[in-house]
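Look over the structure below before you start. Then work through the exercises with a pencil in hand.

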Amino acid sequence: MLDTNSASVAALRADIVRHLTFTMGKDAAHASAYDWRMALSFALRDRIVEPWFAATRRTWETGAKRVYYLSMEFLVGRMLEDAAINLGLRDAASEALAGLGVDFSELVGEEPDAALGNGGLGRLAACYMESMATLGCPGYGYGIRYEHGLFRQSIEGGEQREQAETWLTQRHPWEFERPESAYLVGFRGEVTRLAGRAVWTPSETVRAEAHDTPVIGWGGRWANTLRLWSAKPTTLFDLARFNHGDYAAAAEPETLARTLSRVLYPDDTTFQGKELRLKQEYFLVSSALQDILRRHLAGGFALVDLPAHAAIQMNDTHPALAGPELIRLLVDVHGMEFAAAIEIAVACLGYTNHTLLPEALERWATYLMGSVLPRHMQIIEEIDAWHATRHPTRPHYVGIVKHHEVRMGDLAFVTSHRVNGVSKLHTELVKTSLFPELDALHPGRVVNVTNGVTPRRWLRMANPALSGLITRSIGPGWEADLDRLAALQPFVEDAGFRADFAAAKRANKSALAAWIGATQGLTVNPDAIFDVQVKRVHEYKRQLLNILQCIAHWQRLRDAPGSAVPRLRIFGGKAAPGYHAAKEIIRLINDVALVINADPKTRDALQIVYPENYNVSMAERLVPAADLSEQISTAGKEASGTGNMKFALNGALTIGTLDGANVEIRDEVGTENFFLFGLTATEVAERRRDPEHARRAILASQPLQDVLQMIAEGRFSPGEPGRYHGLVHNIWNSDYFLVASDFAAYDAAQAQVEAAFAEPDRWWRMAALNTARMGYFSSDRAIRDYMTGIWGTVSAL
Ligand code: 26V
């Protein structure tokens, strides 16, 4: 064993040096951290290529069914350490580099995040890619290779500022360019009829070029492909125009095309109906479907057999043009009848819904759809008519096209054989409140697949201290069989184990404290409760409720200093650039932090920090160090949540509402190991019917009145006392997200947290039980659910 290990270290070291020399063209004496990182990445990538080829070959040979995961977002994050861990080479890499005088962790920390997603939906796609590779489920992820991922956030004077994100300024060592795998994607133009068939002649065309990143599973046994498309012009450069001195016009086709894959839309809050976004969606869908059909035909199969070979999953409605595009290719290009084509489409397609928020649902104006994609608009009308005919009892107000809009949720529903929600509660709401009529017409089509997260990245990689303890306690292998964590349960009664568990958490907290000291200039107490709310900033997620309670807590501390367990409240997250209310909440949190952190009376007991630019790699620091996970959305609004799973898996206790997957997490970890508060989804709906709900709640809580009064008086914005008048006015008079109604219950739950933390024996038992009982929330389980319940695929391992 030791021999193989030293052999693999030596081989890896030789390959690193070889890549440093011949790929990077650098001499070890003059190599920078960047050069070493590239050399290591290439050496690791080499080791992925063989299992990748083997997997691809095996899929061809066995004719196995493939999964195609279509998503506008893949929030992958860093790849180096994850690849090393899945190859079983993390320690070998570290040792190989050490022998060359280079520090592994330093290299890892220099890799830019691939931030090709906004939040939960994009990160879920990345976890699912990793689990499909781990399970040997043959599959491809299809997405867009954005030049600029999600913006970089800075906090200036308490306010969010956005800067362009540039992950591709350095070489990206994980991908393979495939200029030969390219497709033409058309827009606009006209549809004519020829011999009874539609002929679409687009007036704009771009080339979609593939970039492949292998995704290696745990143990290095299987690898799938993440194929991201980059838009290129079909005509490179107009030399005639250039020679006439018209330099800008000469580059026009190039500019037009490249704009398509230039930037990720950063607004996951409100649907805006922007033409460029529609073009991006079609760009992804068309290139993916052309690629899928090319591969299917290359296997020698008939088009009617597509459903036996391809499961196509739509990650929300963003790729919902997949139905119309597949039908178009089958009918217009391959001469199939519409009726046969739609049957094939439905049999292949699945649709995952990720949000119920009405303002986020995609609805494209028919005039826009009709001008950008004239043929698809016809096909959508045809699908709608086909559906109406097949279901004569369909109510008149139901339909894909209504009020001059194409409703993408209805389109995705009608063109899929399965529609799924992402937690039990959410799936019920998808049935009862989003698609009640379609659900009645298609009983059994809507199913639940509760989300999951990959334990390789979110426990093994992010939390080596706890991972080590788990392996020492229950043995290896839990990473790919997370239910085995249940074997930790008996250890919870062992005081020695609890001490080790607490020590692992303490080590992570102290590393985080050092990072906060270095980056925020704030000295924090690693023995405080680390209370964390990190996620996109949205009114429904109620960061506002959290900060209001901070203020109330602070006031009590001022009256009785030294009375409380010290707390560090950590906030992090980005607001959509145009989302004013969310930006105001960020500013309020930062304003409050400034005042509270400067109070000498309470400084030892309460601090607030808002590190800028929360992203995947920051989450990897915060999650292992959290004691308390804030999952406090208005019930009925958070489809699932996945951060909630990462925190609980890492032994944080949750303070949360009965929303999304919180419900199932609480059932699994035990109600006594979860701090529940707040109105239920049903109660929320009822409460809203009382127009006086906010006023009533505020008048019933003196602490809340005091807090609102302080904000309104400008206590946290002394230079501009009126800064938060609008915000306070809104709480009194509207409070759609029921911050006031849940305040007292939240405040009481926070008191319970404090009482529990003051009893270490009890706290660490609860924390360890959280870890032990989170096995269900592995993305491996979720992917198995998709494979059996939706895709009809089996492991090829
Ligand atoms: C929505 C939109 C709307 C319009 C255009 C651009 C755009 C981009 C992204 C989104 C995503 C919103 C949906 C979303 O991220 N949902 C989250 O999905 C997670 C994974 O299922 C789930 O855990 C979260 O609860 C849910 O909010």
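**Ground rules.** The model is predicted, so local features need pLDDT of at least 70 and side-chain atom pairs count only at pLDDT 80 or more, while totals for chains, interfaces and linings use all residues. Residues are numbered from 1 along each chain as its sequence is written, and side-chain values use heavy atoms, with hydrogens and water left out.

**Exercise 1.** Find which residues surround the ligand and sort the shell by class.

*Solution.* 
Step 1: Apply the cut-off: a residue is near a molecule if one of its heavy atoms lies within 4 Å of it.
Step 2: Count the shell. There are 19 residues, and the closest are H354, N451, E638, S640 and G641.
Step 3: Sort by class. Ala, Val, Leu, Ile, Met, Phe, Trp, Tyr, Cys and Pro count as nonpolar, Asp, Glu, Lys and Arg as charged, and the others, Gly among them, as polar. This gives seven nonpolar, seven polar and five charged residues.
Step 4: Helix α6 (residues 120–135) gives the largest share of the shell, three residues. Helices here are DSSP runs of H or I with at least four residues, strands are runs of E with at least two, and both are numbered from the N terminus.

**Exercise 2.** Describe the largest cavity and its lining.

*Solution.* 
Step 1: Define the term. On a 1 Å grid over the protein atoms alone, a cavity is a set of points where a 1.4 Å probe fits but cannot get out, and lining residues have an atom within 4 Å of a point.
Step 2: Count. The whole structure holds six cavities of 30 Å³ or more.
Step 3: Give the volume, which is the space filled by probe spheres set on the points. The largest cavity has about 250 Å³.
Step 4: Name the lining. It has 19 residues, with V76, M79, D82, P214 and V215 closest to the centre. By class, 12 are nonpolar, two polar and five charged.

**Exercise 3.** Is D591 buried or exposed, and what does its side chain contact?

*Solution.* 
Step 1: Locate D591 in helix α23 (residues 580–597).
Step 2: Compare with the cut-offs: buried means under 20% relative accessible area, exposed over 50%, partly exposed in between (1.4 Å probe, protein chains only). D591 has 7%, so D591 is buried.
Step 3: Check its side chain. A polar contact of 2.5 Å joins the side chains of D591 and Y724.

Note on methods:
1 Å grid on protein atoms, 1.4 Å probe; cavity = no way out; pocket = protein on both sides within 12 Å on 5 of 7 lines; lining within 4 Å. Polar contact = N/O pair within 3.5 Å; in protein donor to acceptor, adjacent residues only side chain to side chain.
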